[in-house]
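These are my notebook entries on one structure.

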Amino acid sequence: MLYREAGEFRTSYPDDSQTFPIAFDKFRYYAILAVLFVGVPFIVNDYWANAVLVPVLVWSIAALGLNILTGYCGQISLGTGGFMAVGAYSCYKLMTAFPDLNVVFCIFLSGFVTALVGIVFGVPSLRIKGFYLAVATLAAQFFLVWLFNGVPWFYNYSASGQITVPERTVFGIAVTGPYTEPWAKYLICMFFVFVLAWLARNLTRSSVGRSWMAIRDMDIAAEIIGVNPLKAKLQAFAVSSFFVGISGALFFSVYLGAVEASEAFGINQSFLVLFMVIIGGLGSIFGSFAGAAFIVLLPVLLKNLLVGRLSWPTDIATNSEFIIVGALIIFFLIVEPHGLAHLARLFKEKLRLWPFPH
Amino acid sequence: MVEQLLYAIEVSLNGLMTGILYSLVALGFVLIFKASGVFNYAQGIMVLFAALTLVGLQAGQVPFAHLINAVFGTRIYSFGWNLPAIAAIALSAMVMVVLAMAVEKFILKFLVHQEPVILFMATIGLAYFLEGFGELMWGGEIKPLDLPLPVGISDTIESATFERFGYGFFIDKLDIAAACVAAVLVLSLVLFFQYSKIGRALRAVADDHQAALSVGISLRYIWVVIWSIAGIVGLAAGIMWGAKSGVQFSLSLIALKALPVLMLGGFTSIPGAILGGIIIGVGEKLFDFFMNPIIGGATENWFAYMLALIFLVFRPQGLFGERIIERV
Amino acid sequence: MSDKANSEAKPKNGSGEILMELKGISLRFGGVLAISDVSFDIKEGEIRAIIGPNGAGKSSMLNVISGFYHPQEGEIWFRGERRPSMRPHRVAAQGIARTFQNIALFKRMTTLDNIMTGRMTLMKSSFAAQALWWGPAEREETEHREKAERIIDFLGIQAIRKIPVGTLPYGLQKRVELGRALAAEPKLLLLDEPMAGMNVEEKEDMSRFILDVNDEFGTTIALIEHDMGVVMDISDRIVVMDYGKKIGDGRPAEIRNNQHVIDAYLGVAH
């Protein structure tokens, strides 16, 4: 009886197409937002921000982006790491070329740059399908990382080949660079997460989103009933890359501060994001967050347990992480192909009936 | 000018040998894809895993030594023996068969009716699992592979070509050995498919799962067989690559290049896999040779993928695949 | 249904303007000739059936009309203009909607979303407006939702509005698919075996929907169907195909007595 929808009547279509049509959900949503934006910044410390919250938020954006492409539009990409690199390097180039430009703009612009690159690599998707496409996107992954490593212009000819973020402020508060307060890092990531999740939600509930899902479920039928496959697929690639690019820009500028392309944006990164989407739930916005949180927190937990408590060597912890994540992927695909998002829905169903079992 | 041309020919020949190694890896993919429609992303890791197992067994390493030492505070690392190469290879092949059985029992059995894309993602999970498992079992450091294989530059070829062209070609004996191994493997696989009973069953399954089931072929048995064969082919590839560049994680990245090879050759064609491997091997070496002065090195990292991508846009079914007629 | 058969002479049906005309269509796959020099027309407001034995080229013909296959020879005239070879989604935008022989719904989307997707070609709001859920986009969404709900009412599928269609039984899926095609408000509706695999009651329901659509909205319908009884009852004119050729064309009564047709269906002693 804690969770109820009886007695709630939607009397108009706009009411019915809201994100949270049930009053209890809506209330809870606003409460969570208030805590996230107003509460957490006051209590967050360095460890929580850098090891937990900021990486979860940044990876959530990447997962959201890949989920749009893979979960909603059905096109598998293994090039996520490469597109994150595009976001990071264009953010770096923009920040150093236009020192007066607000960093928030730089990050959004990096998203647009990545969207353009995404469109270029999305063109083959019109001819190539399924795992053929997945392999084709590896071209983006390897080529882009090679490009950023091999062409010194991208890292401003720095001796180490790394890019290091310059210090920038928003409203006079440092958000990038070594002197950034943990709460400022957290808040700027939270801002982007909020805006992007809202955009993703809007797109997926309107006709753009329906055209993506139609392509996913049956591309030939979609085309025959009037979905332009070229437009739908390229839109999905553009939007997805936009998200992934912003994630890469934040990953570099806010989270790490200095990166090197092949280390920070290698193929394992692409897999991690794909795993987040699978574990979280394909075609679910909530799932992208759940999956990102899961994949980011699992190694933190393992490290605390194995290295911290049992004082095993770190390489064993890393190997166990690979084993556990790999096994979980298979487990989820076998037992719960709809991911954590589906588990959450089932839980809600239970809650609706609670405490009466039938 | 002639000098440069001869040099380019030498580069292509080296590429040819590399390409044959790619084909060897690609062969494993083709086998699994043909028999079960599974696009086995983990084939690359299987190559690494097989090579790690071989080295570990040969050197008498204790499996999971690291883990055991961490848990029990012991200091064991080695059984203190050295297995002969043949025994180590045979044991590794058995390990690959066990792996195939485990894959069938714990993964494929449950995913029979899923879409190919789900199976593909499951094999990515498997790749991740095996990567951690292999390193936990045998340790992650780079290891030399110590087998009685011919190594070094072939003097015969060098002196012969020097007499003929006034320019000695440097061809590694190992590459020649690899080419021979690949040829023998392909030949025996073709014979196996054509003439053995299991081979016929495999072809039946590849043609139509349902129909094969209905005439009493056990799909699960077939899958174990085919994954075992793919594992053993992976072992062969692992030996060749391992002898060339040491057994290390980057092996699995090299093995990944079998994917673009397949996209060129078509996923179901064994000759396609070989030709694709050669095209990519020669292509990436030549591309690097000509473009290195202009755009810098390490183009091998992406050339194969780019080539496959561009090629597929114009011919989605690959070199040997059949034209796809779409239906509704 | 029989009353319809008697009212064949009704002026509205079969005597309207020509909506679509197919002239000398030939379609080849590699060396196989699927359709060979077939011509016929579809008049505004009529129910036009295409019948023939298996492999006669009926579905290929429907695929040609909906722009999925491009014939090597022949002309397609739609609403008085010659239609150039175009992608299927452009054909859909011209007002041709269809259903499929083996249901081709978007399985993981809800009934409502499937029907809304059918209105794809009618929705105009921009990408940016949709991303921001901004005024016009939201208004458009609501307007189209109302239209979609009308179709849901018409087909009596209110209860399954928010259920993913992949989980629905076959008969309902067929109905949803009809709804998705209707949602596009087509000038020409193509139905590929709308009654395949149905029992007698379901067939009667489906026949009723087809006749209602034709009567109420004046939609022109071209359909493929194997059930001769149904075809003879509901269609105004019938094209008969065999081995990719047209062997008969006319009103049901004429087709019934056409010797070629009888031979094709019953076989003929050689």
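This is a predicted model: local features need pLDDT of at least 70, side-chain atom pairs count only at pLDDT 80 or more; totals for chains, interfaces and linings use all residues.

**Entry 1: chain C, overall.** Along its principal axes, chain C has C-alpha atoms filling a box of roughly 70 × 40 × 35 Å. I listed eleven helices and ten strands for chain C; helices (H or I, at least four residues) and strands (E, at least two) are DSSP runs, numbered from the N terminus.

**Entry 2: domains of chain C.** I looked up the domain assignment, whose bounds come from an automatic or database source. Domain 1 of chain C covers 1-95 + 186-270, and domain 2 covers 107-185. Their C-alpha centres lie 27 Å apart. Each domain gives ten residues to the contact between them, where two residues are in contact if their C-beta atoms, placed from the backbone, lie within 7 Å. On the domain 1 side, α3 (88-93) and α8 (200-216) of chain C are the elements that give two or more residues. α8(C) gives the most, three residues.

**Entry 3: the sheet of chain C.** I traced an open, mixed sheet of six strands in the order β6-β7-β8-β3-β9-β10 of chain C. Strands pair if DSSP finds at least two bridges between them. The twist from one strand to the next averages 20°. I then checked β3 (residues 47-51) and β8 (residues 220-224) of chain C, which run parallel over four bridges. C:R48 stands opposite C:A222 in β8(C).

**Entry 4: chain B.** I found 14 helices and zero strands in chain B. Its radius of gyration is 21 Å, close to the 20 Å from the globule rule for 328 residues, so chain B is as compact as a globular protein of that length.

**Entry 5: chain A against chain B.** I noted 38 residues of chain A in contact with 40 residues of chain B. On the chain A side, α6 (130-150), α9 (219-224), α12 (267-280) and α14 (314-335) each supply at least two residues. The largest share, 14 residues, comes from α14(A). The chain A side divides into 30 nonpolar, five polar and three charged residues. Here Ala, Val, Leu, Ile, Met, Phe, Trp, Tyr, Cys and Pro count as nonpolar, Asp, Glu, Lys and Arg as charged, and the others, Gly among them, as polar.

**Entry 6: a helix pair in chain A.** Helix α3 (residues 46-72) of chain A packs on α12(A) at about 75°, with the axes 9 Å apart. The two helices are therefore roughly perpendicular, a class that spans 65 to 115 degrees. Axes are lines fitted to C-alpha atoms, for helices over the stretch in contact, and angles run from 0 to 180 degrees between N-to-C directions. I recorded residues making this contact, including A:W59 and A:L66 of α3(A) and A:V273 and A:M276 of α12(A).

Key. Residues are numbered from 1 along each chain as its sequence is written. Chains are lettered from A and ligands numbered from 1 in the order in which they are written. Angles under 35 degrees count as roughly parallel, over 145 as roughly antiparallel, 65 to 115 as roughly perpendicular and the rest as oblique. The radius of gyration is taken over C-alpha atoms; the globule rule is 2.2 Å times the number of residues to the power 0.38.
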